[in-house]
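Open the model in your viewer and keep the sequence panel beside it. The tour goes from one selection to the next and says what is found at each stop.

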Amino acid sequence: MKFLSNAHTHTTYCDGRSTITEQLRAAERLGFVSLGFSGHAMQGFDWEYCMSVEGQAAYTAELRAIQAEFACRPGALKLYVGLEQDALVPAQEKAKNRTTFDYIIGSTHYFHEPLEGAYVAVDGSRELLKRCVDQRFGGDPQAIAAAYYALHGSAVENDRPDIVGHFDLVRKYAAFLGLNTGSAAYRDAALSALERARRGCAVLEVNTGGIARGYEAEAFPAPFLLAAWRDMDGEVTLTSDCHDARYLDCAFDETAALLKATGFRRLLRLGTGTQMWDEVTL
Ligand SMILES: [Zn+2]
Ligand SMILES: [Zn+2]
């Protein structure tokens, strides 16, 4: 089984290293049947890695033009114009995004309150994150993990995105922060957020981006969360959170094998016909 698709693809419009064209060429080389772009939505703060207002408009226009061209070309892959939207994107923007894009990945990167004038992200500066643990969470990394999960679970439940983004991204700096991801408290916080997320969305991404970037041995989310999602009758799609076209299908084969061993019978892949999803039997 080859998965041959990816719904989580970044470009130079946000923090990706590859252009739209480079990502498309990589997808064609791999024989992909579909590809979804998911630039970081304009969020109105921390402009470093999301799209600018003008950038998001240009991203959308450029991709819509290519999408129309591909739709007329026999044998071309099916292109989707999506968005990765942070939980803290303003409500007004979220409502607009819902009608502008083919799909939304609901992700959580940031905490509400800036520290030292900067927004704190669970996958950004680890030093700033550590100072946030010390100053806002009494030095307890478990407390910041619980806050992350509460935010992510409620955002997915309320925003109802099409795909739940990298569910346990907070584990990225677990070793640096001294966060024990095997503790009962950690697991309880993650599992109750997963239940909330399930009420807002049926499709969870299994994201190999950390493997591609060399800081994770396994995909997001961890196996205990995948097992719980399976028990909730949730669906899964495989994504590479691709920022560099060389890694567009990074670790897809072994991650699909892991999902099969976890008890999933199928994956969802961006559809090639009129439906958003096609099923791929594992
Ligand atoms: Zn993300
Ligand atoms: Zn991403």
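**Stop 1: two helices side by side**

Select Gln142, Ala145, Ala146, Tyr149, Ala150, His152, Gly153, Ser154, Val156, Glu157, Asn158 and Asp159 in α5, which meet Ala185, Tyr186, Ala189, Ala190, Ser192, Ala193, Arg196, Ala197, Arg199 and Gly200 in α7. Two residues are in contact here if their C-beta atoms, placed from the backbone, lie within 7 Å. These contact residues divide into eleven nonpolar, seven polar and four charged. In that count Ala, Val, Leu, Ile, Met, Phe, Trp, Tyr, Cys and Pro are nonpolar, Asp, Glu, Lys and Arg are charged, and the others, Gly among them, are polar.

This is a predicted model: local features need pLDDT of at least 70, side-chain atom pairs count only at pLDDT 80 or more, and totals for chains, interfaces and linings use all residues. Residues are numbered from 1 along each chain as its sequence is written, while chains are lettered from A and ligands numbered from 1 in the order in which they are written. Helices (H or I, at least four residues) and strands (E, at least two) are DSSP runs, numbered from the N terminus.

Now show α5 as residues 141-159; its axis comes within 7 Å of that of α7, and the two cross at roughly 10°. That makes α5 roughly parallel to α7 (the label for angles under 35 degrees; over 145 is roughly antiparallel, 65 to 115 roughly perpendicular and the rest oblique). Axes are lines fitted to C-alpha atoms, for helices over the stretch in contact, and angles run from 0 to 180 degrees between N-to-C directions.

**Stop 2**

Which residues make the contact? Arg187, Ala190, Leu191 and Leu194 come from α7, and Phe224, Leu225, Ala228 and Trp229 from α9. Seven of the contact residues are nonpolar, none is polar and one is charged.

**Stop 3: a cis peptide bond**

Go to the loop between α8 (209-212) and α9, where Pro221 lies. A cis peptide bond joins Phe220 to Pro221, with omega about -5°. Next select Arg171, 50 residues from Pro221 in sequence and 9.3 Å from it in space, C-alpha to C-alpha. Arg171 sits in the loop between β4 (163-164) and α6 (174-177). Apart from neighbours within four places in sequence, Arg171 is in contact with Thr181 and Ala222.

**Stop 4: two aspartates**

Asp46 is in the loop between β1 (34-40) and α2 (53-72), and Asp241 is in the loop between β6 (235-239) and α10 (252-262). Phi of Asp46 is near 40°, a positive value in a residue other than glycine; phi of Asp241 is also near 40°.

Are they buried or exposed? Asp46 has 18 C-beta neighbours inside 10 Å and counts as partly exposed, whereas Asp241 has 29 and is buried. The cut-offs are 20 or more other C-beta atoms within 10 Å for buried, 12 or fewer for exposed, and in between for partly exposed, with C-beta atoms placed from the backbone.

**Stop 5: a hairpin**

Finish with β7 (residues 266-270) and β8 (residues 277-281), which pair in the antiparallel sense over five bridges. Strands pair if DSSP finds at least two bridges between them. Select Leu268 to find its bridge partner in β8, Glu279. A hairpin through six residues joins β7 to β8.
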